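Have the sequence and the model open as you read.

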Amino acid sequence: MTDPNKSSEKPWGGRFSEPTDAFVEKFTASVGFDQRLYHHDIRGSIAHATMLAEVGVLTAEEKGQIIEGLEAVRAEIERGEFPWSVSLEDVHMNIEARLTDRIGITGKKLHTGRSRNDQVATDIRLYLRDEIDAIAEELTRLRAGLLDLAEREADTIMPGFTHLQTAQPVTFGHHLLAWAEMLERDAERLQDCRKRVNVMPLGAAALAGTTYPIDRAMTAQLLGFDRPTENSLDSVSDRDFAIEFCGFAALLMTHLSRFSEELVLWTSAQFDFIDLPDRFCTGSSIMPQKKNPDVPELVRGKTGRVNGHLISLLTLMKSQPLAYNKDNQEDKEPLFDTVDTVKGCLRAYADMVPAITSKADNMREAARRGFSTATDLADYLVKKGVAFRDAHEIVGKAVALGVAEKKDLSEMSLEELQQFSDTIAEDVFDVLTLEGSVQARDHLGGTAPAQVRAAVARAKARLG
């Protein structure tokens with residue numbers, strides 16, 4: 001009598017004397033999440049079959065049957081008619097079993113010269129390569145929108161901050177270019193990561209290669225890989241490429257989280273520097289006046305899960321002996337969720353950033369407060385021959401007076417300023433204006449509007 005708690009026969013069941021426990025079958029199955037690899041699995045199998053026919057392991061007729069059958073299976077999956085089975089464990093066995101159902105014994109020949117170990121490693125690389133390209137497109141779209149906004153806001157004066165305290169005047173465009181610099185580094189990291197993703201492990205088989213006369217270079221070329229991997233043991237056990245991608249993603253999300261924090265602050269009534277379009281915000285169920293910056297808040301929150309996925313993968317690999325271990329089944333869900341989260345956040349930001357509008361008057365008023373031109377006054381004194389430390393003390397005393405009398409430095413009379421140093425003359429007011437302050441830093445990387453526009457032009461040229 002069949003035990004209802006036991007599972008059905010497995011493709012690898014020849015060595016076993018009893019079927020897998022039903023709970024263990026569900027516990028160890030990955031088909032619930034790895035079925036998203038179906039397209040890449042079929043693509044890899046078509047290339048593998050093509051190579052096997054080229055080296056004489058399969059006949060041309062068998063190759064044709066396999067490819068036609070795989071294309072039929074792909075169509076079945078895309079129509080939503082594919083009978084996914086937990087008892088077949090994963091995407092690979094599900095597709096192979098369905099192929100055999102359709103074309104008979106020839107389908108059983110497809111797995112010649114490979115293992116699920118090198119098969120899944122190849123599938124993940126094919127999948128991640130495609131996702132990297134899609135993410136790169138969204139990242140480019142966000143960068144382009146950010147540069148356009150920076151160019152529009154090149155003259156908009158705002159306070160620059162350190163310790164979240166008013167420091168020196170900058171422009172909104174200059175501030176946005178700081179974000180653009182972060183994203184450009186992220187884009188470079190992503191492309192560098194892609195180089196190490198685009199190496200093919202297929203042909204390493206379980207761990208030691210195969211006795212069949214395979215042509216790995218041919219398979220790599222068919223699949224668009226730069227080259228095959230060099231060592232069969234490392235080929236099937238390496239997940240560095242996934243960890244590296246998650247490292248890129250964690251840093252990108254950290255940057256987006258920093259942007260988000262500033263957007264949340266700037267949309268608050270206390271700052272009121274910018275406005276986000278209503279379509280990127282929500283309201284309150286009880287407070288009718290509320291307009292909540294949900295997109296930046298969610299992106300800030302999702303950074304934690306991506307950072308967590310990086311730690312998960314590092315921990316997954318930290319004590320594994322060579323070569324493949326079942327632990328590696330746990331690589332996919334963190335990787336898949338990282339990909340999905342990054343793509344979603346980039347799309348939201350790429351749509352939202354170009355629609356940000358600045359409240360220039362509020363920004364300017366905030367820059368006017370907080371003695372943001374104090375450093376300009378110190379520089380003015382140094383240029384007149386005062387030692388910097390003495391200039392620093394003179395300006396500090398002037399600021400103390402301003403604090404006591406609630407006056408900005410630019411609002412003080414010449415006589416008030418001269419009580420701290422007789423070096424100060426009428427031309428001091430040229431450097432105490434906000435416009436004069438940002439314009440004075442007219443050098444590469446500086447705040448002068450012309451420099452901001454030039455930096456935008458250079459960044460757009462690099463963007464292509």
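Predicted model: local features only at pLDDT ≥ 70, side-chain atom pairs only at ≥ 80, totals over all residues.

Let's start in the loop between α15 (388-405) and α16 (414-418), which is where Lys406 lies. Residues are numbered from 1 along each chain as its sequence is written, and side-chain values use heavy atoms, with hydrogens and water left out.

Lys406 has a phi near 55°, a positive value in a residue other than glycine. Most residues other than glycine have a negative phi, and most peptide bonds are trans. With a relative accessible area of 73%, Lys406 is exposed (the cut-offs, with a 1.4 Å probe and protein chains only: buried is under 20% relative accessible area, exposed is over 50%, partly exposed is in between). Leu164, in the loop between β1 (157-162) and β2 (165-171), also has a positive phi, near 60°. Leu164 is exposed too, at 51% relative accessible area.

The loop between α11 (294-317) and α12 (332-352) holds Ala323.

Is Gln329 buried or exposed? Its relative accessible area is 8%, so Gln329 counts as buried. A polar atom of the Gln329 side chain lies 2.9 Å from the backbone oxygen of Thr28.

## Two aspartates in loops

Asp90 belongs to the loop between α4 (60-78) and α5 (91-103), and it is buried, with a relative accessible area of 8%. Asp90 and Ser30 are 60 residues apart in sequence, yet their C-alpha atoms are 5.1 Å apart in space.

Asp238 is found in the loop between α9 (232-237) and α10. Asp238 counts as buried because its relative accessibility is 11%. Its side chain makes a polar contact with the side chain of Arg125, at 2.8 Å. (A polar contact is a pair of N or O atoms within 3.5 Å; within protein, one must be able to donate a hydrogen and the other to accept it, and residues adjacent in sequence count only if both atoms are side-chain atoms.)

## Rings

How many aromatic pairs does the structure hold? There are 10, counting rings of Phe, Tyr and Trp (its six-membered ring) whose centres lie within 6.5 Å, with planes under 30 degrees apart called stacked, over 60 edge-to-face and the rest tilted. Phe23 and Phe27 make a stacked pair, 5.7 Å centre to centre with 20° between the planes. They are 4 residues apart in helix α1 (residues 22-28), so about one helical turn separates them. Both Phe23 and Phe27 are exposed.

Phe161 and Phe271 are an edge-to-face pair, because their ring centres are 6.1 Å apart and their planes stand at 65°. This pair links distant parts of the chain, 110 residues apart: Phe161 is in strand β1, and Phe271 is in the loop between α10 and β5 (274-275). Phe161 is partly exposed at 26% relative accessibility, and Phe271 is partly exposed at 21%. Ring pairs join Phe161 and Phe271 into a cluster with Phe172, Trp179, Phe259, Trp266 and Phe273.

A charge turns up over a ring as well: the charged end of Arg129 sits over the ring of Phe225, 5.1 Å from its centre (the test is NZ of Lys or CZ of Arg within 6 Å of the ring centre and within 35 degrees of the ring normal).

## The largest pocket

The largest pocket has about 700 Å³ of space. On a 1 Å grid over the protein atoms alone, a pocket is an open set of points where a 1.4 Å probe fits, with protein on both sides within 12 Å along at least five of seven lines; lining residues have an atom within 4 Å of a point. Its volume is the space filled by probe spheres set on the points, which are joined across faces, edges and corners.

Of the 35 lining residues, His174, His175, Ala178, Trp179 and Met182 are the closest to the centre. The lining divides into 18 nonpolar, 9 polar and 8 charged residues (Ala, Val, Leu, Ile, Met, Phe, Trp, Tyr, Cys and Pro count as nonpolar, Asp, Glu, Lys and Arg as charged, and the others, Gly among them, as polar). With 9 residues, α7 gives the most to this lining. Elements that each supply at least two residues include α6 (116-152), α7 (172-197), α10 (240-267) and α19 (449-463).
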